[in-house]
Amino acid sequence: MITHRPRRNRKSEVIRNMIQENHVTVNDFIFPLFLIDGKNKTSEVASMPGIYRYSPDLILKEIEACMKLGIKAFDVFPSLADKYKDKRATESFNKKGLYLKTLTQIKKEFPEACIMTDVAMDPYSSDGHDGLVKNGEIVNDETLSILAKMAVAQAECGIDIIGPSDMMDGRVGVIREALDDHGFTNVSIMSYTAKYASAFYGPFRDALDSAPKFGDKKTYQMNPANSREALIEAQLDTQEGADFLMVKPALSYLDVIKDLSDNFDLPIVAYNVSGEYAMVKAAAAKGWIDGDRVRDEILLSMKRAGASVILTYFAKEWALKNK
Ligand code: PBG
């Protein structure tokens with residue numbers, strides 16, 4: 001005699017929907033956008049079909065279109081020509097430069113949108129690293145003042161959330177203090193808490209032409225073999241004043257998302273990165289998987305693991321399909 005029949009709770013769509021534990025909604029998303037110089041210009045990222053780099057005028061149009069679909073949060077990444085790159089990432093504080101000028105414009109036109117920015121040196125660095133390079137080393141403490149200056153410059157544009165993605169030690173605290181000193185006590189910090197040295201960032205580096213000019217990022221980004229180390233990072237970020245804890249990449253690190261959500265009370269964020277998007281698109285284009293269903297399953301897995309926010313290149317297509 002079978003006394004327990006879990007299948008009874010799966011017998012109809014009504015019951016299945018009734019007992020569904022996790023849901024993805026458009027409110028969960030932050031949509032990453034790539035910014036390029038020029039006018040009336042878009043260029044598709046070859047390794048990310050459906051994802052484009054936009055000139056300032058067209059990024060405004062794209063934000064408007066997404067807002068109509070219910071996407072209200074965006075993370076803007078700049079792609080800069082080599083002539084704007086130097087050792088100390090000075091272009092990152094240039095108020096007349098492409099990035100800061102466009103951010104100001106975006107917030108002016110869409111004050112109700114939630115705009116997030118990236119704090120790291122790599123898009124502006126002639127070395128292509130997230131920190132300052134000295135004698136072939138990525139130096140920690142000297143990088144911090146550059147990151148703090150970058151964060152304040154972005155806050156001055158009216159942005160809502162600062163996203164330090166550099167993995168230098170102590171940066172959340174230094175950025176928090178700099179923001180507060182400049183009166184930006186309401187600007188949030190979404191820390192890239194557990195950011196792994198991952199091959200899944202490949203398409204993103206193509207999009208921004210931001211690959212390191214030498215070596216790799218293993219002295220600052222985490223070893224994919226480790227999970228306990230993520231707890232140390234999360235504890236430090238919490239103490240230093242982070243408002244959100246992010247795990248990146250997401251799909252191969254769902255255990256880390258779960259660990260952080262079990263052990264910390266701050267909202268947990270999953271970054272569904274470029275390579276995760278590219279794999280789905282490539283397999284779907286070959287007809288090997290059902291791309292829409294795989295996308296939905298992947299996003300759901302991040303919610304199930306404990307993420308409340310998801311940065312994803314799928315945001316717009318998801319919103320289009322679910323409108
Ligand atoms: C820059 C940064 C990276 C990503 C977000 N911010 C790349 C890197 O660290 O090399 C990756 C995002 C993605 O792959 O979608 N520090």
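## A cluster of rings

One aromatic cluster is formed by Phe34, Phe77, Tyr192, Phe204, Tyr271, Tyr277, Tyr313 and Phe314. Keep in mind as you look around that this is a predicted model.

Across the whole structure, a search finds 11 aromatic pairs. Take Tyr192 and Tyr271: their ring centres are 6.2 Å apart and their planes stand at 45°, so the pair is tilted. Tyr192 belongs to strand 9 (residues 188-195) and Tyr271 to strand 11 (residues 268-272), so this pair ties together parts that are 79 residues apart in sequence. Are these two tyrosines buried or exposed? Tyr192 is buried, and Tyr271 is buried as well.

Tyr271 also forms an aromatic pair with Tyr313. This pair is tilted, with 6.2 Å from centre to centre and 45° between the planes. While Tyr271 sits in strand 11, Tyr313 is found in the loop between strand 12 (309-312) and helix 11 (315-321), so the pair ties together parts that are 42 residues apart in sequence. Like Tyr271, Tyr313 is buried.

## Two helices that cross

Now turn to a pair of helices. Two packed helices are described by the angle between their axes and by the distance between those axes. Here, the axes of helix 2 (residues 56-68) and helix 3 (residues 98-109) come within 10 Å and cross at roughly 35°. The crossing of helix 2 past helix 3 is right-handed.

Which residues of helix 2 and helix 3 meet? From helix 2 come Pro56, Ile59, Leu60 and Ile63, and from helix 3 come Leu98, Thr102, Gln105, Ile106 and Glu109. Sorted by class, this contact of helix 2 with helix 3 has six nonpolar, two polar and one charged residues.

## Cysteines without a bond

A disulfide is a covalent bond between the sulfur atoms of two cysteines. How many disulfides does the structure hold? The count is zero.

Cys66 is buried, with a relative accessible area of 0%.

Cys157 is buried, with a relative accessible area of 8%.

Methods
Residues numbered from 1 in each chain as written. Predicted model: local features only at pLDDT ≥ 70, side-chain atom pairs only at ≥ 80, totals over all residues. Heavy atoms only, no water. Axes fitted to C-alpha atoms, helices over the stretch in contact; angles between N-to-C directions. Helix = DSSP H or I, 4+ residues; strand = E, 2+ residues; numbered from the N terminus. Left-handed = near helix turned anticlockwise from the far one by under 90°. Contact = heavy atoms within 4.5 Å. Nonpolar A, V, L, I, M, F, W, Y, C, P; charged D, E, K, R; others polar. Disulfide = S-S within 2.5 Å. Buried < 20%, exposed > 50% of the residue type's maximum accessible area, 1.4 Å probe, protein only. Phe/Tyr/Trp six-rings, centres within 6.5 Å; stacked < 30°, edge-to-face > 60°.
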